[in-house]
Amino acid sequence: TTKNGDDEKSETKKKEDSLEDVVFKAKLGHLASLRTKNATVYKEIATTLMDERPESVPLLTEMLTFALEGPLPDGEADNEDQVRLAEVEKVYNQSLKENGGPIDPLALAQYFGLNEPDKEELDADDEAKELNKDMKEKRDALKKILLERASLCGIVADNDSAEVSQFEKAVKELKQWNSVESLKDDDEKIKLTITLARYARICQEK
């Protein structure tokens with residue numbers, strides 16, 4: 001009887017979690033609708049949501065999109081690349097486990113360094129399936145952040161030699177996770193190719 005009671009509690013908890021997820025997704029949708037409208041309100045809501053769910057990868061992805069596409073502060077139109085690079089750097093730092101974020105690069109490297117479970121194993125084990133989905137979501141977010149950061153670093157370094165060492169560091173981290181073959185999106189493949197070509201021109205021929 002106790003076991004059945006525990007099962008019922010577990011099912012109830014799943015439903016509660018599901019409702020919380022739906023509400024949080026609605027908040028994310030509202031946040032996205034403000035992306036190009038009001039930067040101040042956007043940042044206030046994003047901070048509140050980060051406090052509510054600091055390990056949310058979808059929130060992190062939305063904040064990265066805002067860093068790349070959101071309105072620039074007044075008077076910063078001529079410094080767009082530097083401003084966006086600084087915003088992407090903030091998202092990167094917030095993403096890391098050591099800063100309270102969801103992404104632990106070492107744990108990801110260890111997980112994907114092993115042979116991933118095959119489909120049959122995942123279908124037979126819900127926990128393994130959920131872990132695999134979670135790890136892939138975090139890996140994809142990390143890859144995107146590193147690509148955007150390195151791309152902007154390269155553009156900035158092209159115009160300011162003082163930023164070359166930062167570009168070198170960004171590309172080093174980028175290459176640990178990204179390759180043209182591993183990317184699915186054609187635009188990202190082009191961006192990576194351009195970034196690595198710029199790296200070869202600026203850093204390897206200096």
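Axes here are lines fitted to C-alpha atoms, for helices over the stretch in contact, and the angle between two of them runs from 0 to 180 degrees between N-to-C directions. The model shown in these views is predicted.

**View 1. Packing of helix α3 against helix α4.** The axes of α3 and helix α4 (residues 80-95) come within 8 Å and cross at roughly 170 degrees. Angles over 145 degrees count as roughly antiparallel, and α3 is therefore roughly antiparallel to α4. On the α3 side the contact involves Leu 60, Met 63, Leu 64, Phe 66, Ala 67, Leu 68 and Glu 69. These meet Arg 84, Glu 87, Val 88, Val 91, Gln 94 and Ser 95 of α4. Sorted by class, the contact of α3 with α4 has eight nonpolar, two polar and three charged residues.

**View 2. Packing of helix α3 against helix α7.** Helix α3 (residues 57-69) also approaches helix α7 (residues 126-159), with axes that come within 10 Å and cross at roughly 15 degrees. The two helices are therefore roughly parallel to each other, and their crossing is left-handed. Helix α3 contributes Val 57, Pro 58, Leu 60, Thr 61, Leu 64 and Leu 68 to the contact. From α7 come Glu 137, Lys 138, Ala 141, Lys 144, Ile 145, Glu 148 and Leu 152. The residues of this contact of α3 with α7 divide into eight nonpolar, one polar and four charged. Leu 60, Leu 64 and Leu 68 of α3 take part here and also meet α4.

**View 3. Packing of helix α5 against helix α7.** Helix α5 (residues 105-113) and α7 pack at an angle of about 120 degrees, their axes lying 10 Å apart. At this angle α5 and α7 are therefore oblique to each other. The crossing of α5 and α7 is left-handed. Pro 105, Ala 107, Leu 108, Tyr 111 and Phe 112 are the α5 residues in the contact. Their partners in α7 are Leu 131, Asn 132, Met 135, Lys 136, Lys 138, Arg 139 and Leu 142. The contact of α5 with α7 has eight nonpolar, one polar and three charged residues. Lys 138 of α7 belongs to this contact and to the one with α3.

View 4. Leu 108, Tyr 111 and Phe 112 of α5 are buried. Seen down the axis of α5, the buried residues fall within an arc of 85 degrees, so they line one face of the helix. An α-helix has 3.6 residues a turn, so residues three or four places apart point the same way. The cover over the buried residues of α5 includes α7 and α8 (164-177). On the face of α5 turned away from its buried side are the exposed residues Leu 106, Gln 110 and Gly 113.

**View 5. The surroundings of Asn 132.** Asn 132 lies in helix α7 and is buried, with a relative accessible area of 6%. Leaving aside residues up to four places away in sequence, Asn 132 touches Tyr 111, Glu 116, Pro 117 and Leu 122. Tyr 111 is itself one of the buried residues of α5.

**View 6. The chain around these close-ups.** The chain has nine helices and zero strands. Its C-alpha trace spans about 75 × 45 × 30 Å along the principal axes. Of its 206 residues, 34% count as buried. Among contacts in the chain with a separation of 6 or more, 64% are between residues 24 or more positions apart.

Key: Residues numbered from 1 in each chain as written. Predicted model: local features only at pLDDT ≥ 70, side-chain atom pairs only at ≥ 80, totals over all residues. Heavy atoms only, no water. Helix = DSSP H or I, 4+ residues; strand = E, 2+ residues; numbered from the N terminus. Parallel < 35°, antiparallel > 145°, perpendicular 65-115°, else oblique. Left-handed = near helix turned anticlockwise from the far one by under 90°. Contact = heavy atoms within 4.5 Å. Nonpolar A, V, L, I, M, F, W, Y, C, P; charged D, E, K, R; others polar. Buried < 20%, exposed > 50% of the residue type's maximum accessible area, 1.4 Å probe, protein only. Arc of directions from axis to C-beta.
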